[in-house]
Amino acid sequence: MEYRTLPHGGDKISVIGLGMGSIHNAGTAEAERIVRAALDAGINYFDFVPSKVVAFEGYARALKGQRDRAMLQVHIGADYSRGEYGWTTDPKKSIAEFEARLALLGTDYADFGFIHCIDENADFDKVMNGPVWEWAQRRHDEGVIRHLGFSTHSVSIARRFLATGKMDMGMFSMNPMYDYTDESAYGKGEVADRADLYREFEAAGVGISVMKTFAGGQLLDGRESPFGHALTPAQCLQYVLDKPGVITALPGVRSMADLEDAIRFCDLTPEERDYSILGTFSQTDTRGRCVYCNHCQPCPEGISIGLVNKYYDLACIGDDMAANHYRELERHASDCIHCGHCDKRCPFGVPQSARMAEIAKYFER
């Protein structure tokens, strides 16, 4: 296993961590074996936002007696009060649920306490100017939270978190699909902005833990990929690990086979990790498919068109968390007035007005 150093604190973190959104599919006994095997393989960084409460028991069993071998990324705002993942900015619920997660895991501290999944300014203002952030800082001072962090899919929100000067790690969605540019007209706006953001993380001494490394599996399937080509897991992992500020990538695991695939990355040759094939994808490969570049912004109705598309695409391939995040947006696809602004602006030829109708219909179901 390879390790990188967290700028604030000097912790050594495995470049391959584990995302736990789908670990419930393994069952309690298998989840325990997966976490134990990951620790034995040198993985020491674990995100902790499973989709269902059933995942907690196996996780807790695996950590018993070896808590010090694992660094846990626990989220403030993940709500399991109904037995499965939910999202909340309610202060009392956010705090109670965070403390309940620690109790279920049999630990009295979180290595990383993350302000969870803030994608819009109104939610940032509510959480960061209220009792949740005050509580998080107090628990940090007490040592219950050893490092403060955040998760977001938004470049502008990430910058607001960085500007606090209080963060040690940020969880951000990153992969070739979200970042892609052919260095011509598409290398403007959001694409360049994302590249600048990664450098800003590094300059601020804030690490990045990467979510959505495979874009919910889309990049591994040539039929689903916006490029019309499948990439390998190793290519996607190396791509994000080459970005400034990145400390660890967190591929999700559903089984021991998924874990073995993640671990295998460290034994691959540079040739097997090479992702230079991205440079061969032509502009026409992405036409008609939204790559969330946000060239269509600003929407006259205030719809975050890139996020709406991203959450929809992920929801269609079974990502329940993405569907939940879509519902929490202030403006939805159903708010589209079909003015055509986004259709004219899209450099990839996506008929966004029609797509908004499609997305609205999907979520109405």
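Colleague: Starting with threonine 5, is that residue buried, partly exposed or exposed?
Modeller: Threonine 5 counts as partly exposed, because its relative accessibility is 37%; buried here means under 20% relative accessible area, exposed over 50%, and partly exposed in between, with a 1.4 Å probe and protein chains only. Before going on, note that this is a predicted model, in which local features need pLDDT of at least 70 and side-chain atom pairs count only at pLDDT 80 or more, while totals for chains, interfaces and linings use all residues. Residues are numbered from 1 along each chain as its sequence is written, and side-chain values use heavy atoms, with hydrogens and water left out.

Colleague: Where does threonine 5 sit, and which residues does threonine 5 touch?
Modeller: Threonine 5 belongs to strand S1 (residues 3-5); helices (H or I, at least four residues) and strands (E, at least two) are DSSP runs, numbered from the N terminus. Leaving aside residues up to four places away in sequence, threonine 5 touches Gly10, Asp11, Lys12 and Ile247, where contact means heavy atoms within 4.5 Å. The side chains of threonine 5 and lysine 12 are also joined by a polar contact of 2.5 Å. A polar contact is a pair of N or O atoms within 3.5 Å; within protein, one must be able to donate a hydrogen and the other to accept it, and residues adjacent in sequence count only if both atoms are side-chain atoms.

Colleague: And aspartate 79, buried or exposed?
Modeller: Aspartate 79 counts as buried, because its relative accessibility is 11%, and its place is in strand S5 (residues 78-79). Its side chain makes a polar contact of 2.8 Å with that of serine 81. Beyond residues up to four places away in sequence, aspartate 79 touches Glu84, Tyr85, Gly86, Trp87, Thr88, Lys93 and Glu97.

Colleague: Switching to charges, how many salt bridges does the structure hold?
Modeller: The structure holds 21 salt bridges, each defined as a side-chain nitrogen of Lys or Arg within 4 Å of a carboxyl oxygen of Asp or Glu. One of them joins the side chains of aspartate 125 and arginine 160, at 2.8 Å from N to O. Aspartate 125 lies in helix H4 (residues 121-128) and arginine 160 in helix H6 (residues 155-163), so this pair ties together parts that are 35 residues apart in sequence.

Colleague: Which other pair involves H6?
Modeller: The side chains of arginine 159 and glutamate 200 meet in a salt bridge of 2.7 Å, N to O. This pair links distant parts of the chain, with arginine 159 in helix H6 and glutamate 200 in helix H8 (residues 190-204), 41 residues apart. Arginine 159 is partly exposed, with a relative accessible area of 25%, and glutamate 200 is partly exposed at 29%.

Colleague: Which residues form a salt-bridge network?
Modeller: Glu32, Arg36, Glu57 and Arg61 are linked in a network of salt bridges.

Colleague: How many residues of helix H2 are buried, and what covers them?
Modeller: Helix H2 (residues 55-63) is mostly covered, with 7 of its 9 residues buried, namely Ala55, Phe56, Gly58, Tyr59, Ala60, Ala62 and Leu63. The cover over these buried residues includes helix H1 (28-40), strand S3 (45-48), strand S4 (71-76) and helix H3 (91-104). Just after H2, glycine 65 takes a positive phi of about 85°.

Colleague: What about the largest pocket, what is its volume and how many residues line it?
Modeller: Its volume is about 1100 Å³, and 42 residues line it, of which Ser22, Gly216, Pro251, Gly252 and Asp319 lie nearest its centre. On a 1 Å grid over the protein atoms alone, a pocket is an open set of points where a 1.4 Å probe fits, with protein on both sides within 12 Å along at least five of seven lines, and lining residues have an atom within 4 Å of a point. A volume is the space filled by probe spheres set on the points, which are joined across faces, edges and corners.

Colleague: Which element gives the most to that lining?
Modeller: Helix H13 gives the most, with 4 residues. In H13, the residues Met321, Ala322, Ala323, Asn324, His325 and Tyr326 are buried, and what covers them includes strand S6 (86-87), H12 and helix H15 (352-364).
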